[in-house]
Structure formats: structure tokens, C-alpha cells
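Please look at the ligand site and at the contact between the two chains. The questions take them in that order.

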Amino acid sequence: MRIDAKTGVRVGVLAVAVLALAAVYLFTNVPGSLAYALRIRGLALGAMAVVAVAVGASTVIFHTITGNRVLTPSIMGFDSFYMLVSTVVVFVSGGVAFLRADATVMWGIQVAVMVAFATLLFTWLFGGKRRSLHLMLLVGIVLGTFFRALTEWLQRMLDPLDFQILSDTAFASMTRPDPTLLALSAAVVVLACAATVALLRTLDVLALGRETAVGLGVNHRRVVLILFVLISVMVAASTALVGPILFFGLIVANLAYSLAGTFRHRWTVPTAALLGLGSLLAGQIILERVFGFGSSLSVIIEFAGGLFFLYLVLRKGAR
Amino acid sequence: MIALDHLTKRYGRFVALDDVSLELGDSGVTALLGPNGAGKSTLFGIVGRLLGPDAGTVTVDGLDVARAQSAELARTLAVLRQDAHVTARLTVMDLVEFGRFPHSRGRLTEEDRQHIERALGYLELGDLRDRFLDELSGGQRQRAFIAMVLAQDTKYVLLDEPLNNLDLRHMADMMKLIRRLADDLGKAVIVVLHDVNFAARYADRIVALRDGRVVADAGVAEFMTPHVLQSVYGAHVDVREVDGTPVALYYS
Ligand SMILES: Nc1ncnc2c1ncn2[C@@H]1O[C@H](COP(=O)(O)OP(=O)(O)OP(=O)(O)O)[C@@H](O)[C@H]1O
Ligand SMILES: [Mg+2]
């Protein structure tokens with residue numbers, strides 16, 4: 001109870017801060033027509049929110065079911081897998097005209113394939129007995145390299161037009177999202193979140209470890225499978241919208257654990273999402289308005305996230 | 001009734017449980033004894049559906065543990081594992097509250113709170129309730145896990161070496177508590193012990209495993225003979241009677 005009250009205050013303050021940042025982002029420093037600025041910025045805000053929620057929630061859930069706080073779906077090779085799927089889809093669908101004409105069909109196929117394969121991969125890697133963190137890191141690196149090599153090999157054989165389509169998906173940006181894709185991704189992420197909300201208390205039990213969770217009547221195998229599907233859906237939707245993001249989830253989730261000060265997912269999951277949105281907004285405002293280059297946010301975030309990842313791995317290794 | 005029917009479990013080639021058929025938990029306190037590696041924890045693992053058997057079935061009150069609803073089983077049967085630990089950082093209170101999860105899915109009712117308070121009381125954890133588990137001594141942590149199992153309030157309570165880490169007084173208190181669970185609350189307690197004298201003093205029935213087989217299944221008087229102890233542990237043990245209870249002298 002006491003902890004919950006303290007956490008509640010902190011998360012409340014965080015939520016207000018994020019709202020304030022959103023207001024600053026939307027309404028200040030408007031160069032021309034406010035309506036125009038709002039439309040552009042609204043889309044960007046939407047994309048940031050989708051990414052923050054998807055990445056924040058999926059990372060926290062991933063940490064809980066895999067029993068570590070260093071790995072993320074992306075670090076396990078998810079992003080390079082995404083590029084591989086995209087490439088394969090473009091490659092295989094080379095002759096099918098409507099696929100190229102309609103970005104949403106392409107998006108749908110990508111997400112569906114991603115979810116299917118990622119669920120298989122995660123269940124295979126993490127479904128059985130718990131393996132060492134370092135082994136998993138190594139597996140992630142090997143998988144990432146493997147998918148990347150395969151992707152490059154396939155891309156060499158693409159014709160230039162196909163390659164152009166592919167490049168567009170690979171370098172999608174957070175500040176200029178495609179409105180249709182944004183709507184689709186948002187819908188998917190909202191659905192996944194709704195499903196997650198129903199499982200928040202079960203997630204708390206999963207955090208106790210498989211044995212205890214089974215003893216308390218959790219159908220471990222099934223719940224973990226469902227959660228892997230949800231994670232895959234969220235990450236796929238986010239990646240299909242703005243491209244791969246590797247380390248962002250790691251910072252956000254670990255900060256959320258410290259800030260929330262509880263293992264309860266009804267606090268850590270929203271805190272991670274809020275922290276994600278807050279840091280994206282703050283980063284974007286500073287970059288765009290102080291330094292004057294708006295499109296490099298993800299680079300900065302990845303840099304900071306990468307450093308943090310190294311810190312975590314080295315610190316764990318030292319113990 | 002927990003019925004094990006021709007249960008076999010292998011780890012690779014090694015046979016940990018070899019065609020075990022046994023009925024447990026009809027009433028009272030059953031002590032499960034046997035040397036290290038006899039298969040006691042493996043048996044608990046299968047009953048607690050942490051492990052799948054290679055052959056045979058386990059039913060709890062007619063429910064096949066391999067197929068029944070996990071949540072329903074968790075309201076009927078609770079298991080304290082030998083190496084109980086959790087990965088999350090939580091307090092004693094948090095842990096004991098989780099014992100109510102099978103009943104209330106995480107939304108505690110007034111009844112849940114009573115069970116929690118009672119479990120904390122039984123294990124004398126009242127003063128430690130707000131401590132984090134990693135701030136406790138080994139024996140205190142062991143008691144916290146037992147409190148969680150008790151809060152689960154199941155008809156069958158399986159405790160794998162609950163005396164681990166406990167001091168003299170708490171060992172005796174634990175055995176008295178186990179007795180009370182059976183006598184006052186009508187639970188069937190199956191408890192893995194290594195000290196045959198505790199088993200002789202507090203159990204109604206003693207089942208012994210060795211090399212994955214049941215080698216003895218008897219009442220206390222029948223079990224506590226040099227002959228039976230020899231067949232279970234492969235060592236000669238003298239037995240004397242002290243105040244009406246047989247005592248094994250295994251110190252020599
Ligand atoms: N995961 C495993 N892989 C391989 N062998 C195992 C595994 N778990 C247990 N064993 C073996 O199975 C046998 C039975 O183990 P179990 O843990 O059931 O013994 P136990 O009777 O509980 O012993 P103890 O009194 O030491 O707790 C042992 O020989 C053990 O080495
Ligand atoms: Mg054991």
C-alpha cells in the first residue's frame with residue numbers, strides 16, 4: 001500500500017510532465033499557420049506515442065518472461081529480422097503489382113510474418129529452461145548477423161525499383177510518418193495493450209519465476225506464448241512504422257523500474273511507456289529547436305541506449 | 001487423494017522414478033524419506049506439474065494433473081519447492097499475498113486478507129512483513145515461502161524439506177505447525193524430511209524412496225526398525241525408545 005501510494009505520486013508527476021512536453025511540442029514555436037503545424041506535429045506525436053508504448057510495454061514484458069533486464073526483443077535480432085522479412089516480401093512479391101501500389105498491404109504482410117516468426121523464435125529460445133544471459137546475447141548477435149547477411153544477399157538480387165521500395169521501409173522516420181500506417185499501427189498497438197491490461201496481474205506472478213507461477217496456477221506455457229505474440233505484434237507494428245530501434249526500450253524499461261520502485265506491472269508498464277514518450281518528445285524538442293536538426297533523434301537515442309546497454313552488460317559481467 | 005499410477009521419470013538415460021504407484025494424502029501427515037537423489041523432489045515436481053512424467057499419471061482428487069486446469073489444481077494442492085526462490089525483488093507481505101492468487105487472481109478480498117494474516121501469524125513473520133526477501137536470513141526466507149504455501153489454503157500441502165535452514169526451535173515449531181495443519185485444519189500434509197526422528201515423532205505414515213522406487217511404506221512403529229532403516233539408507237542405525245517415541249541413533 002505504502003509503496004503503491006509513493007509510486008502513484010511519481011507516475012502522476014511523470015504523466016503531467018509528459019503532457020506538458022506534448023503541449024510545448026505542439027503549440028510553441030509555430031512558424032506559420034497553427035493548423036498546418038498541428039497536423040504535421042500531431043502525426044509526429046502520434047508516431048512517438050505508438051513507438052513509446054509499443055517499445056516500452058514490450059520490453060518490460062519481455063524482461064519479465066525471460067527473467068533478465070538486459071535483453072530486449074530488438075537485441076535478440078528482431079530488427080535485422082524485420083529487414084529480412086521486408087526484403088523477402090518485396091523479393092517474393094516482385095511480380096505482384098498491387099503489393100507495391102498499396103503500402104498497407106505490404107505493411108500487413110510484414111507484420112503478420114514478423115509476428116509468426118518472432119513468436120516461434122522467442123518460444124524456441126526462451127520457452128524452455130532458462131539459459132545464461134551471455135549465451136543469449138551471443139545468440140542475439142549471431143542471429144542478427146545471420147539475418148543481416150541474408151538480407152544483403154537478397155538485396156543484391158533485387159531490381160532497382162524493388163530496392164527503392166525497400167529503402168523507404170528501412171528508413172521510415174518518426175517525424176514524418178505515413179498517416180495510414182500510423183493509424184494502422186496505432187490500432188494494432190492499442191489492441192495489443194488492451195490484451196496486455198488483462199494480463200497485468202498474471203505478469204506479476206510470472207515475475208516470480210516459472211516454478212512459482214506454475215504452483216500458483218498460471219498456465220505458464222500458454223500465457224508466455226500469448227505474451228510473446230503480443231510483444232511481437234507491438235514491436236512489429238512499431239518497426240513497420242518507424243524502422244528498427246535497438247536500445248531505446250532498454251533505457252526506458254530500466255528507468256521505469258527505478259522510478260516505479262515496484263515490480264507490479266500495472267505501474268512499470270505505463271511508466272515505461274510514459275518515460276518513452278517523454279524522452280522522445282524532449283529529445284525532439286531539443287534537437288529541432290535548440291540545435292536545428294530534427295531528423296536525427298533516433299541516432300541520438302540509439303547512441304545513448306547503446307552506451308547504457310554496454311554499461312548493463314559490463315556491470316552484470318563484473319558481478 | 002493424490003494417486004500416482006505407474007509413474008516413471010527419466011533424465012536422459014538415468015531413471016529417477018521407476019514405476020512408482022502410490023496413494024498419498026488420505027489423511028494426516030505423511031513423511032517422505034529417502035537418501036539424496038532418491039527421487040523425492042522429482043516426485044513433487046511431477047505432482048506440482050513442473051515436470052512431465054515419461055510414463056504414468058498423477059491424479060489429485062480425480063483430476064489428472066497433466067490435463068486439469070492449472071488454476072483449479074492450485075486451489076487444491078500447494079507445493080513448497082526445495083530450492084524455493086523468486087527472481088523479483090519483493091517483500092514478505094508481497095510474497096504471502098501471492099499465495100492467494102489462485103483464489104482471487106490478484107484482487108485481494110477480505111477473506112484473502114484473513115488467510116494472509118493467519119499464515120504470517122503461523123510462521124511468526126508479523127514483524128518481518130515489510131522486509132524484502134533479500135534482507136532476510138535463510139531460515140526467515142524459508143518461513144516466508146512456507147507462509148505463501150499456507151496462504152494458498154489448499155487441501156493438500158506438499159513441503160519439500162521445510163526444515164531447511166531452520167534452527168532447533170523453529171524446526172520443532174514447524175513440525176508442530178504441520179501437525180496442526182493436519183489435525184485442526186484437516187489438511188493432508190506430505191513432507192520431505194531427512195531427520196527420521198522428526199518423522200517418527202510427528203508423522204502418521206512414512207514412505208521411503210530409494211533409487212526411484214518405494215522401498216518402505218509404513219506406520220511409524222513399523223518403519224523405525226534397524227532393518228527397515230538399513231534397507232532405506234544402506235547404513236546400520238540403532239533405534240531406542242525415548243518417552244514412547246522411537247529414536248534413531250544415526251550419529252555414530
Ligand atoms: N534436471 C535433472 N537432470 C538430470 N538429472 C537430474 C535432474 N534433476 C534431478 N536429477 C537426478 O535425479 C535423481 C533424483 O533427484 P531428486 O532431486 O528427485 O532427489 P531427492 O530425492 O529430492 O534428493 P535430495 O534429498 O538430495 O533433495 C538424482 O540422482 C538427481 O541427480
Ligand atoms: Mg530433493
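The questions and answers below concern a predicted model.

Q: Which element gives the most residues to the shell around ligand 1?
A: The shell around ligand 1 holds 14 residues, with G37(B), K40(B), S41(B), T42(B) and Q82(B) the closest. In chain B, β2 (14-24) and α1 (40-47) each supply at least two residues of that shell. The largest share, three residues, comes from α1(B).

Q: How much of the area that ligand 1 exposes when taken alone does the protein bury?
A: One oxygen atom of ligand 1 is 2.8 Å from a polar backbone atom of G37(B), and an oxygen atom of the ligand is 2.9 Å from a backbone N or O atom of G39(B). Taken alone, ligand 1 exposes 630 Å², and the share of this buried by the protein is 61%.

Q: Which residues of chain B lose the most area to chain A?
A: Contact between the chains involves 25 residues of chain B and 20 residues of chain A. About 1,900 Å² is buried between them, with 59% given by carbon and sulfur atoms. Together accounting for 30% of what the chain B side buries, the residues that lose the most are L50(B), F98(B) and F101(B).

Q: Which residue of chain B meets R264(A) in a salt bridge?
A: Two salt bridges are found across the interface of chain B and chain A. In one that involves R264(A), the N to O distance is 3.0 Å, within the 4 Å cut-off for a salt bridge. The partner of R264(A) is D94(B).

Notes
Residues numbered from 1 in each chain as written. Chains lettered and ligands numbered in written order. Predicted model: local features only at pLDDT ≥ 70, side-chain atom pairs only at ≥ 80, totals over all residues. Heavy atoms only, no water. Near = heavy atom within 4 Å. Polar contact = N/O pair within 3.5 Å; in protein donor to acceptor, adjacent residues only side chain to side chain. Areas by Shrake-Rupley, 256 points an atom, 1.4 Å probe, with all protein chains shown as cover. Helix = DSSP H or I, 4+ residues; strand = E, 2+ residues; numbered from the N terminus. Contact = heavy atoms within 4.5 Å. Buried area = accessible area lost by both parts, 1.4 Å probe. Salt bridge = Lys/Arg side-chain N within 4 Å of Asp/Glu carboxyl O.
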